[in-house]
Amino acid sequence: MAESAQSRSRRVRPNVLVTGTPGTGKTTTSSLLADAAAMRHFNIGDLVRQKGLHDGWDDHLHCHVINEDMVCDELEDSMEDGGIIVDYHGCDFFPERWFDLVVVLQTDNSVLHDRLTSRGYMGAKLTNNIECEIFQVLLEEARESYASEIVMPLHSNNVEDISRNVATLTEWINNWRPPAQSN
Ligand code: DAT
């Protein structure tokens, strides 16, 4: 397993990963949280498009084939500084040491189905994402990739959930202190 967050370096503000199936509210939540807690928000999908951090287009899945090494290289310096929110529908390729908290947003299937269809998802792309949520794929991936005590699942079914989640996470960020260094 990668070097843990406990051996982190100089950061004086925490880094937070917001993950979950597409449509669970990662970008909405991250952007509100960035404003509320004065953090910097990286939407990995946007970053990949803007900086060309991909290996071309996947015709089957209708998305770019992300180049994970290029994404990690692009983010490394910012993550060292801290105060970053990363928003992506995957979490197993980031260095474990980057994050102090890993939030997994979860949405009821019928609600998620409506959100994804109104986004234009259909066929295999729709089914794959609904199954991803049913089988809690991102929660499992987060628990396999990070210490269980930093993984925080949160419901994201309605606007009240968003407000509560942003308030909870803002409080968590503001109360965070760097761990005492042993040397
Ligand atoms: P993601 O970044 O996980 O793909 P998003 O933030 O882009 O999701 O949200 C997708 C759509 O669903 C968008 O129109 C906002 C809406 N939405 C997200 N979370 C919600 C919530 N908890 N309550 C109501 N609407 C929500």
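Colleague: Which residues lie nearest the centre of the largest pocket?
Modeller: This is a predicted model, where local features need pLDDT of at least 70, side-chain atom pairs count only at pLDDT 80 or more, and totals for chains, interfaces and linings use all residues. Residues are numbered from 1 along each chain as its sequence is written, and side-chain values use heavy atoms, without hydrogens and water. A pocket is an open set of points on a 1 Å grid over the protein atoms alone, where a 1.4 Å probe fits, with protein on both sides within 12 Å along at least five of seven lines; lining residues have an atom within 4 Å of a point. The largest pocket is lined by 40 residues, and those nearest its centre are Pro22, Cys63, Tyr88, His89 and Tyr121.

Colleague: What volume does the largest pocket have?
Modeller: Grid points are joined across faces, edges and corners, and the volume is the space filled by probe spheres set on the points. For the largest pocket that gives about 1,100 Å³.

Colleague: Where does the ligand sit?
Modeller: A molecule sits in a pocket if more than half of its atoms lie within 2 Å of the pocket's grid points. By that test, the ligand sits in the largest pocket.

Colleague: How far is an oxygen atom of the ligand from an N or O atom in the side chain of Lys26?
Modeller: A polar contact is a pair of N or O atoms within 3.5 Å. A polar backbone atom of Gly25 is 3.0 Å from a ligand oxygen. For the side chain of Lys26, the distance is 2.8 Å.

How values were computed. A polar contact is a pair of N or O atoms within 3.5 Å; within protein, one must be able to donate a hydrogen and the other to accept it, and residues adjacent in sequence count only if both atoms are side-chain atoms.
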